[in-house]
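Please open the model in your viewer and keep the sequence panel beside it, ready to select residues by number.

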Amino acid sequence: MKLILAQLETPNFSFMTVGNTEERAHSLMQSAWTIHALRTGATWTFREIEDSIVYVEIENDAMFIDNEPIHNVGYATSIA
């Protein structure tokens, strides 16, 4: 099953949402931002930051290093 991971980095916070479409992940990010703004008093509007959202298509059991997916390497079973 493929999903969409949305990521947003601000100077002080990191946000991540997962949806079954980019539109759903975007909508969830908007909700997360609204909750954050209410809790913290953040003054940026969602429209001011939404162009900074990065979308990545992921699958179950996905692995990432520095926000980049690792593909076709199998699973490490021990540390050499």
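This is a predicted model: local features need pLDDT of at least 70, side-chain atom pairs count only at pLDDT 80 or more; totals for chains, interfaces and linings use all residues.

Residues are numbered from 1 along each chain as its sequence is written, and side-chain values use heavy atoms, with hydrogens and water left out.

Select lysine 2 and glutamate 57, which form a salt bridge with their closest N and O atoms 3.2 Å apart; the term means a side-chain nitrogen of Lys or Arg within 4 Å of a carboxyl oxygen of Asp or Glu. Lysine 2 lies in strand β1 (residues 2–9) and glutamate 57 in strand β3 (residues 54–59), so this pair ties together parts that are 55 residues apart in sequence; strands here are DSSP runs of E, at least two residues long, numbered from the N terminus.

Through shared partners, the salt bridges join Lys2, Glu57 and Glu59 into one network.

Now select phenylalanine 13 and phenylalanine 15, whose ring centres are 6.4 Å apart with planes at 45°, so the pair is tilted; rings of Phe, Tyr and Trp (its six-membered ring) pair if their centres lie within 6.5 Å, with planes under 30 degrees apart counted as stacked, over 60 as edge-to-face and the rest as tilted. Finally, include Trp33, which ring pairs link with Phe13 and Phe15 into a cluster.

Definitions and conventions: Helices (H or I, at least four residues) and strands (E, at least two) are DSSP runs, numbered from the N terminus.
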